[in-house]
Amino acid sequence: MAAATCTSMRFLLSVSLTLTLLRLGASNSEGDALYTLKRSLSDPDNVLQSWDPTLVSPCTWFHVTCNQDNRVTRVDLGNSNLSGHLVPELGKLEHLQYLELYKNNIQGTIPPELGNLKSLVSLDLYNNNISGTIPSSLGKLKNLVFLRLNDNRLTGPIPKDLAAVSSLKVVDVSNNDLCGTIPTSGPFEHIPLNNFENNPRLEGPELLGLVSYDTNCS
C-alpha cells in the first residue's frame with residue numbers, strides 16, 4: 001500500500017514538473033519573439049529597457065501582461081515614440097489578445113503571421129507609417145473585435161476574408177491609399193462609411209457588383 005502511494009506521489013510530481021517546464025518553455029519562446037520585436041525597433045525613450053532576454057519569463061517586463069499560466073496576453077506600446085518594423089515572430093504569441101502599437105512611427109508591412117494569433121481581440125496599428133497590403137490572413141482571427149489600421153500608408157484592397165470575421169465590431173482603415181470596393185457583407189454591414197474615408201482609390205459600397213472587387217488597384 002505504501003509503495004503504491006509512493007509511486008502515485010512520484011507520478012503526480014512528475015506531471016506537475018512537466019507542466020511547469022512546458023509553461024516555462026512557452027514563456028521563453030514568447031520572450032524570444034518579443035525580444036526579436038525589440039531588436040527591430042528604435043527606442044529613444046527606453047520604453048523597452050526592462051525587456052531582458054536573460055529572464056525566465058517576459059511576464060515581468062513593462063508593457064507586457066500575462067495570464068495565470070504565464071502566457072503573454074497583452075502588449076501595450078501605444079504612443080511610445082518607437083520606430084522600426086514589425087516582425088513575423090509576433091505570430092508565435094498564440095494567447096495574445098491585445099496588440100497595441102498605435103501612434104508610433106512603425107514602418108514596413110504587416111506580417112501575415114499575425115493571422116496566427118487565434119486569441120486576438122484587438123489589433124491597433126493606427127497612426128504609424130505602415131505600408132504594403134492588409135494581409136488576407138487576418139481573416140483567420142475569429143475572435144477579433146477591433147481592427148484599427150487608419151492613418152498609415154496601406155495599399156491594395158480590403159481583404160474579402162475579413163467579411164467572415166463575425167466578431168468584428170470596429171474596423172477603421174481611413175486615411176490610407178486602399179483601392180477596390182468597400183465590403184458590405186458580414187460585419188461590414190454595420191461599419192460607418194467614414195471609417196473608410198480618405199482613400200482616394202477606394203470605391204463606395206454602392207458599386208459592389210457593378211465594378212470588379214479590385215477596381216483601381218492596378
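Colleague: Before we start, what counts as partly exposed here?

Modeller: Partly exposed is the range between buried, under 20% relative accessible area, and exposed, over 50%. Bear in mind that this is a predicted model.

Colleague: Fine. So is Asn127 buried, exposed or partly exposed?

Modeller: Asn127 has a relative accessible area of 31%, so Asn127 is partly exposed.

Colleague: Where is Asn127 found?

Modeller: In the loop between strand E7 (122-124) and strand E8 (131-133).

Colleague: And what about its phi?

Modeller: Asn127 has a positive phi of about 60 degrees, and Asn127 is not a glycine. Most residues other than glycine have a negative phi.

Colleague: Which loop holds Asn81?

Modeller: Asn81 sits in the loop between strand E3 (72-76) and strand E4 (83-85). Asn81 is not a glycine either, but its phi is positive, about 60 degrees.

Colleague: How accessible is Asn81?

Modeller: The relative accessible area of Asn81 is 44%, so Asn81 is partly exposed.

Colleague: New topic. Which strand is Glu100 in?

Modeller: Strand E5, residues 98-100.

Colleague: Is Glu100 buried or exposed?

Modeller: Glu100 is buried, and it has no salt bridge.

Colleague: Which side chain makes a polar contact with Glu100?

Modeller: The side chain of Ser122, at 2.9 Å.

Colleague: What else is Glu100 in contact with, leaving aside neighbours within four places in sequence?

Modeller: Besides Ser122, Glu100 is in contact with Arg74, Val75, Asp76, Leu77, Gly78 and Asp124.

Technical notes: Residues are numbered from 1 along each chain as its sequence is written. This is a predicted model: local features need pLDDT of at least 70, side-chain atom pairs count only at pLDDT 80 or more; totals for chains, interfaces and linings use all residues. Side-chain values use heavy atoms; hydrogens and water are left out. Helices (H or I, at least four residues) and strands (E, at least two) are DSSP runs, numbered from the N terminus. Buried means under 20% relative accessible area, exposed over 50%, partly exposed in between (1.4 Å probe, protein chains only). Lys and Arg count as positive and Asp and Glu as negative; His and the chain ends are not counted. A salt bridge is a side-chain nitrogen of Lys or Arg within 4 Å of a carboxyl oxygen of Asp or Glu. A polar contact is a pair of N or O atoms within 3.5 Å; within protein, one must be able to donate a hydrogen and the other to accept it, and residues adjacent in sequence count only if both atoms are side-chain atoms. Contact means heavy atoms within 4.5 Å.
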